[in-house]
Amino acid sequence: MPRVSPALLAALCGVLLALTLPPLPTGILAPLPLAALLWLVASAPTARAGAARMLAGVTALSAVHLWWLVPFLVALFGLPPLGALAGLLYVLEGGFFAVMAYLACRITPSPAGRVWALAGGWVLLEWLRTLGPLAFPWPTLGSVLLPTPLIQVADLGGVLLCSLLITGAAAALVQAARGQRAPLLAAAVVWLAALGYGLTRTPGEGPTQPMLVMRSDFDTFARAVGSLRPEQQFSTLLQATTAARQPGEVVVWSETATSAFPGQPQIPAFPGPGITGLGTPAVGDEPRRNVAVSVDAAGTILSRSEKARLVPFGEYFPLYSGPLRPLYGLIERTLNIDLAPIPSAQSIRPLSLQGILYGTYICYDSVFSWVARDLVRQGAQVLVNPSNDGWYNGWGVSQHFWMGRIRAIETRRWLVRSVNDGVAGAVDDLGRPVSTVAAGEGVQTLHVRPRLLSGQTLFVRLGHVPALLLAALLVVLGWGVGRPLSPPVTGSALPRR
């Protein structure tokens, strides 16, 4: 019988691990395929072989979890062969983890130690993938716990603490398979403690604020190329709002649902009071911007906040004014779109409206824990996420919504979403959808009653520091396992016979 390649086995583990990630409800099984992958990497004969196995595993994981990027690229370029460009991202994601695996294998003297170093290194890398202009923290292992009470520990250490529960359990399973039961017993105690913590969490108490949110199905690509005019979108949303609005409601529109020139103080026809995504065109030296604004009943813009994190190769294009400019120019002419980068926010702040602070962040910002955390630290009483998920479909839309639900848990704030082609509605401070709509034709409206909450969770105060310290501790543990306690005795010190 032919021997199966370890790299192929690692790829199979990656596929199985992907099938436990959002939006599938099988997350509780994630430690099993992860344990197999960690052991395959840790038992490799060389650090380079371990890195190759991790590359195969995470590339396969990314290909399954992010399959929706292929039809997105096909729709964007209009050429089916160009969907294969998604493979570059899959390999890149695998490459990041391969580098981590190589370092873990180099610093640890034994396969048993490497398993712990890989478990801690995985979480540290998830954090590193939230940094820099090309940050793309998709997927994060901790999100698999969302269907369980275990996810509630995110208010202590963020989603990375949940990731640590997964990777730590996987490492403990490997040790149990090797005959060491103590780590698995310790992991079981930790999981039971986390389960007990989650089961005892109760919703926060506070006043409610009536809000009207929208879900639309405008063709995002038509808007990008100009065949759908902003005035048409505005008119349709205004008509739906006027027909559905109830007294006292704050209306919320989606990302770039309105447009205005830079510095324009009013949106005269907007049905304030409300919050809306706002796009401003490039004028002279002023670049186009993607912002959210609060607007009063007279249409006056009261406060604004810019998008904090730009989508790599969607709103931020590396070397746009450098050596890649001819390539970007070709794409712009072919697709009839403007790829000029949008500036990211230098600082973020809650939007103020009628004495209430709304922690408003735009679309892709919801993937990053620090954005909602910063807004709540500044006093935000409810989170608001204007989004446009019309660029893609399939699992990507559900995954985006799942990550937004975790932001509500981390900060213990209600989350309100108004979207184009996504999931609109409200999520409570335990991360539970209260009133949502995910499909339908035309403009749909929802009446939601989020609670206005105060106070700060441990995560809001400390961020990911507790999770990162524990992850680093696992790396140190891996470094120490199998290492001699004292230096070997030299030959000159041996007794003579």
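The chat below goes through a predicted model of one protein chain.

Me: What kind of model is this, and what pLDDT do local features need?
Reply: The model is predicted: local features need pLDDT of at least 70, side-chain atom pairs count only at pLDDT 80 or more, and totals for chains, interfaces and linings use all residues. Residues are numbered from 1 along each chain as its sequence is written, and side-chain values use heavy atoms, with hydrogens and water left out.

Me: How many helices and strands does the chain have?
Reply: The chain has 15 helices and 13 strands. Both are DSSP runs numbered from the N terminus: helices are H or I with at least four residues, strands are E with at least two.

Me: How much of the chain is buried?
Reply: Buried residues make up 54% of the 497 residues. Buried means under 20% relative accessible area, exposed means over 50%, and partly exposed is in between (1.4 Å probe, protein chains only).

Me: Change of topic: how many salt bridges are there?
Reply: The count comes to 10 salt bridges. A salt bridge is a side-chain nitrogen of Lys or Arg within 4 Å of a carboxyl oxygen of Asp or Glu. One of them joins Asp155 and Arg412, at 3.1 Å from N to O.

Me: Where do Asp155 and Arg412 lie?
Reply: Asp155 lies in helix H7 (residues 154-177) and Arg412 in the loop between helix H13 (395-411) and strand S10 (415-420), so the pair ties together parts that are 257 residues apart in sequence.

Me: Are those two buried or exposed?
Reply: Asp155 counts as buried at 6% relative accessibility, and Arg412 counts as buried at 12%.

Me: What about Glu306 and Arg289?
Reply: Their side chains meet in a salt bridge at 2.9 Å, N to O. Glu306 is in strand S6 (residues 301-306) and Arg289 in strand S5 (residues 289-295), 17 residues apart. Glu306 counts as partly exposed at 23% relative accessibility, and Arg289 counts as partly exposed at 22%.

Me: Now the aromatics. How many aromatic pairs are there?
Reply: There are eight aromatic pairs. Rings of Phe, Tyr and Trp (its six-membered ring) pair if their centres lie within 6.5 Å; planes under 30 degrees apart count as stacked, over 60 as edge-to-face and the rest as tilted. Among the pairs, Phe136 and Trp138 are stacked, with 5.6 Å centre to centre and 20° between the planes. Both Phe136 and Trp138 are buried.

Me: And Phe234 with Trp253: stacked or edge-to-face?
Reply: Phe234 and Trp253 are edge-to-face, at 5.2 Å centre to centre with 75° between the planes. Phe234 counts as buried at 17% relative accessibility, and Trp253 counts as buried at 0%.

Me: Which residues form the aromatic cluster?
Reply: Trp68, Phe136, Trp138 and Tyr392 form one aromatic cluster.
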